[in-house]
Amino acid sequence: MNAPPRAPLFDAPAVAQRLDALGVSAATCRQLRQQFMDHLRAEYDRKPAGAEIVQARTAFVDLLLRRIWADQVEGTAAGDRLALVAVGGYGRGELHACSDVDILVLAARGRDITRATDTISRFVTFLYDVGLDIGASVRSVRQCLDEGRRDVTIATNLIEARLLMGDEALFEQLCRRTGPRQMWPTRKFFAAKLAEQRARYDKYDATAYKLEPNVKESPGGLRDIHTIGWVAKRHFGARTLHELVDHQFLEQDEYELLREGQEFLSEVRNGLHLLTGRKHDHLLFDQQRELARRFGYQDSDQSLAVEQFMKRYYRTVKGLSRLNEMLLQHFEEEILLARRSDRATPLNSRFQIRKGFIEARDERVFRRYPFALLEIFLLLQQHRRSIRGVRADTVRLIRRHLHLIDDGFRADLRCTSLFMEIIRQPHGIGHELQRMHRYGVLARYIPAFGRVVGQMQHDLFHVYTVDEHSLFVLRNTRSYAFPDEKISALELGYQVYPGIPKPALLYLAALFHDIAKGRGGDHSDLGMHDAAEFCRLHRLSDLDGRLVAWLVRHHLLMSKVSQRQDIGDPEVIRAFAATVGDQVHLDYLYLLTVADMRGTGPSVWNSWKGSLLGTLYLATRRALRRGLGSPIDAHDQALEVRARAAALLPAEQVDSRECDQFWNRLDDDYFLRFEAEEIAWHAKHILRARGDHPTVVATRDFPNRGSTGVMVYTRDRKYLFAAITSTLDRLGLDIVDARIYTSHDGDALDAFLVTDLHGERVSDPAQRREIRAALRDTLLQDPLSLSSGGRRSTRQQKAFRVDTEVSFTTDLSRDRTVLELITKDRPGLLSKVAQALAECGLVLQNARVNTYGERAEDAFFVTDANGHAVTDAGRLDALERQLVQRLDGELKPAA
């Protein structure tokens, strides 16, 4: 059945008749505006609309302002010398559902403004009373000229000026005096808009693929289209983007892509405005889900509706970003480089350089030599100092010939050799692969990569789309090759990287590590097969192909072991070393893991996680050198750590004999759980306190771990760990690591690594004093206080639901039970877990705290009161119910 025709979004005659009948009062105009917005909202609920809403709202506001101006200003003595002008987005006729309405009240001279001050003030106040979001300026023609010369943003607004009411001759004078000959000539204007766009891109990390993008301002957003329009208007005097087709700057199909992209983004932006009832351009998580529903997307087995909707969004902005790049390069050549010599310098028989840009020597080049679709990127690498970019016409030729990249092309020895040559170049690998991605070549050449273009995961952990993340990771692996740049996170990586025999294998692993996401199943396993097939097709040796495939298969292993297992346990190191097998695999895996974590998002990587990876790497390297057949004994390792700690005691001014007496009260588990510098630090503060069972609270910085250490030593009692963690939560601290040791004679040593809410260590001595004082106050209470409430969940955390999952395994080698908990991250989480453990009579020995966006995936190592693994299934069931009740708010029924 055909859908019923849509009612017109704006019935101008009906609105005019209402105004005629009721008069132009603030109440009437406000009512009409509300009715119009309600109508827009109802129509959008039926079907999302872009340009239709934009045009309707512009026409509605035009009518309203003209009638109000006629009623309030026109005919007055002062009003005859004024003009009402729409500027900015309103001037170009682009008012989205709740966009600001920017107007200029224009006068010939300053004294005309003075005479009309009261009239103008009443007019603007009336507009606010109506409920319009007005941005009003009042200037003379001369003031417009002066302000426009100083500020390119004001000049841009004036370029789009449109007369609404008033003196036509005055408006024409404004247009004439603010033209290119009077201010901001085309060259200067274009350079300013380029700089403006670069600054805007930097604000959004130069990527359109953020989890919560800005539909207007992010790269590839509506502002990119505006930038093209402004330059076209300034250079050609064009009134519409279609005129760029007439000027041969755009082809018709490119214009259609631009128009379709603009329409989709306008539909999204209107949706955001109508959902929130205000000008709101950030596409937030809860709004993404609602818009996905409005656009008709539904969950499938492979992906959520919101992921499908956002994939369309990301693919749209990718296409618009490419068009923006191509057109601005075209303008740059036409405007900024017009005076340069047009003579071309040949590179080979297929390509040449003109005005600093590479171009095809013949428009038939790609048809005659399809391999040139890859060759051009290799030339850009090899001549990176003399080539600024690719000419717009050649970008267009590349896009037009993408269909040539088929199975025959991918199997062609010339093509596979060229691609591997690109991967093996000393410079420009990440840059040119990113360019290949923008132009669509990479997705055609590696079809599996094409399937993840725009693929996002609807969570807080994966900040970028899969394709963008993969290219970030590849660029991160390239960073190891440039130690002069001195990225602090890569200190160990700089030492490891020179030892890997073939860096290109690392880059391929980075490119393929997430390539199978979104297909269902284990993406590591599926991606391993994709990587193996690619290596076979590109004629890599069996040994090299197996290494790349192994890295893809195990790219998550090292991060999981370092963050979720007790890497102080020799058995954990032995098992990991057995999986890795040799030093070469360990080196590659370490480099890939660091690059992957650094490329996931700004909040994922920190110094603490880096130190965990470094510790795991070094311990595994020692195990491999010793040989897997002769693993280190736990007691021997404890003695080794104790000896290293003893060597540090003189610097801490600790009496070694007194310390030996203290250490003899502790077992091997203590020395396996902490590093030597921590053990020496503990001894200094505990022995200074004197007494058999002192209460000690100490803090110190761990700069190499990017965190602050907090140590509490006191008599063990029920809820101790819960009370400490709730206190730290009240202080607004994030716990990144927790280790708990209880001696045989009943003393507890609880040690934490904490950061502030920005992920930084607490370096202010006054703040550290506050931490110590608050913990001492807590320890003096009887019973211990468990109140928290220092922080609230963030808006982003509230947008997600994560059901609590609890699982148990037995660590036979250490005689303890491992509780793995997946739940929604929230303030006070550790305290709630500790309370549940205490209620069930279990002892917490250690905790590994991990946050992945909105998800907490923590591991707790627990024993019964006698220090043994928990074997009573009923007790574990009770603990699971306690945890679910406390964390999800409902009691899980007993089995």
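This is a predicted model: local features need pLDDT of at least 70, side-chain atom pairs count only at pLDDT 80 or more; totals for chains, interfaces and linings use all residues.
Visitor: What makes up the protein in terms of helices and strands, and what box do the C-alpha atoms fill?

Guide: The protein has 41 helices and 17 strands. Its C-alpha atoms fill a box of roughly 100 × 70 × 60 Å along the principal axes.

Visitor: Which share of the contacts with a separation of 6 or more comes from residues 24 or more positions apart?

Guide: Such residues account for 72% of those contacts.

Visitor: Why is the pair of F512 and F534 called tilted?

Guide: Rings pair if their centres lie within 6.5 Å, and planes under 30 degrees apart count as stacked, over 60 as edge-to-face and the rest as tilted. For F512 and F534 the centres are 4.9 Å apart and the planes stand at 50°, so the pair is tilted. By this rule the count comes to 30 aromatic pairs.

Visitor: What makes this pair a tie between parts of the chain?

Guide: F512 belongs to helix α26 (residues 503-512) and F534 to helix α27 (residues 523-537), so the pair ties together parts that are 22 residues apart in sequence. Ring pairs also link F512 and F534 with F409, F419 and Y445 into a cluster.

Visitor: How do you know whether F512 and F534 are buried or exposed?

Guide: Buried means under 20% relative accessible area. F512 has 2% relative accessibility and therefore counts as buried; F534, at 7%, counts as buried too.

Visitor: Why is the pair of F721 and F752 called stacked?

Guide: The planes of F721 and F752 are 20° apart, with 5.6 Å from centre to centre. Planes under 30 degrees apart count as stacked, and therefore the pair is stacked. F721 lies in helix α37 (residues 720-730) and F752 in strand β12 (residues 747-755), so the pair ties together parts that are 31 residues apart in sequence. Both F721 and F752 are buried.

Visitor: What makes α37 mostly covered?

Guide: In α37, 10 of its 11 residues are buried, among them L720, F721, I724 and L728. The buried residues of α37 pack against several elements, including β10 (707-715), β11 (734-742), β12 and α38 (765-780). After α37 comes G732, whose phi is positive, near 75°.

Visitor: Why is L819 called buried?

Guide: L819 has a relative accessible area of 0%, and the cut-off for buried is under 20%, so L819 is buried. L819 is found in strand β14 (residues 816-824). Residues that L819 touches include V806, F808, L837, F860 and L883. L819 and L876 are 57 residues apart in sequence, while their C-alpha atoms are 9.4 Å apart in space.

Visitor: How do you know that the side chains of T863 and Q845 are joined by a polar contact?

Guide: A polar contact requires a pair of N or O atoms within 3.5 Å, one able to donate a hydrogen and the other to accept it. The contact joining the side chains of T863 and Q845 is 3.1 Å. T863 has its place in strand β17 (residues 855-863), and at 4% relative accessibility T863 counts as buried. Among the residues T863 touches are D815, R816, L842, H868 and V870.

Technical notes: Residues are numbered from 1 along each chain as its sequence is written. Side-chain values use heavy atoms; hydrogens and water are left out. Helices (H or I, at least four residues) and strands (E, at least two) are DSSP runs, numbered from the N terminus. Contact means heavy atoms within 4.5 Å. Buried means under 20% relative accessible area, exposed over 50%, partly exposed in between (1.4 Å probe, protein chains only). Rings of Phe, Tyr and Trp (its six-membered ring) pair if their centres lie within 6.5 Å; planes under 30 degrees apart count as stacked, over 60 as edge-to-face and the rest as tilted. Lists of a residue's contacts leave out its neighbours within four places in sequence.
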